[in-house]
Amino acid sequence: MPYADHKEVSPKTVTCAVITISDSRTEKDDESGAFIKRRLPESGHTVLAYALLKNNTDAIGSQIADLLMLADLQVIICTGGTGLSHRDVTVETVTPLL
């Protein structure tokens with residue numbers, strides 16, 4: 001399908017969840033999560049859920065599994081946990097779920 005056709009039939013707004021993955025951030029200083037949560041509604045989208053998780057495979061996988069059960073949720077945005085440290089496990093955790 002050409003880009004213009006795809007854009008025409010795609011939803012104009014979506015319902016999202018935001019997950020920040022970090023061992024060092026708190027909700028008070030989670031700048032990336034705060035930015036995403038602020039910009040989504042400014043662009044017409046809805047933020048249905050937010051979570052701040054440590055770099056933990058089980059916690060990330062469990063949170064995503066729980067979010068996938070929400071009928072109204074269309075998009076999950078993960079930020080963080082993608083550095084070079086052995087503790088950064090976001091990519092390794094999410095990839096098998098795709």
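Author: The model is predicted, with local features needing pLDDT of at least 70 and side-chain atom pairs counting only at pLDDT 80 or more, whereas totals for chains, interfaces and linings use all residues. Residues are numbered from 1 along each chain as its sequence is written, and side-chain values use heavy atoms, with hydrogens and water left out.

Reader: What makes strand β1 count as mostly covered?
Author: Strands are DSSP runs of E with at least two residues, helices are runs of H or I with at least four, and both are numbered from the N terminus. Buried means under 20% relative accessible area, exposed over 50%, and partly exposed in between, with a 1.4 Å probe and protein chains only. Seven of the seven residues of β1 (15-21) are buried, with T15, A17, I19 and I21 on one side and C16, V18 and T20 on the other.

Reader: How do you know which strands pair with β1?
Author: Two strands pair if DSSP finds at least two bridges between them. Seven bridges join β1 to β2 (residues 46-53), running parallel, and six join β1 to β3 (residues 75-80), also parallel; because at least two are required, both count as pairs. Among the partners, T15 is bridged to T46 in β2, while V18 stands opposite I77 in β3.

Reader: Why are β2 and β3 called edge strands?
Author: The open sheet of three strands has the order β2-β1-β3. Each of β2 and β3 has a single partner strand, so one side of each is left without a neighbour in the sheet.

Reader: What makes α2 a helix that packs on the sheet?
Author: Contact means heavy atoms within 4.5 Å, and α2 touches β1, β2 and β3. The direction of α2 makes about 170 degrees with that of β1, where axes are lines fitted to C-alpha atoms, for helices over the stretch in contact, and angles run from 0 to 180 degrees between N-to-C directions.

Reader: Which residues make up the largest nonpolar core?
Author: Such a core is a set of buried Ala, Val, Leu, Ile, Met, Phe, Trp, Tyr and Cys residues joined through side-chain atoms within 4.5 Å. The largest has 12 residues, namely A17, I19, I21, A49, A51, L53, I60, I64, L67, L73, V89 and V94, and β1, β2 and α3 (57-68) are the elements giving two or more residues to this core. Apart from it lies another core of five residues, among them V14, C16, I36 and L40.
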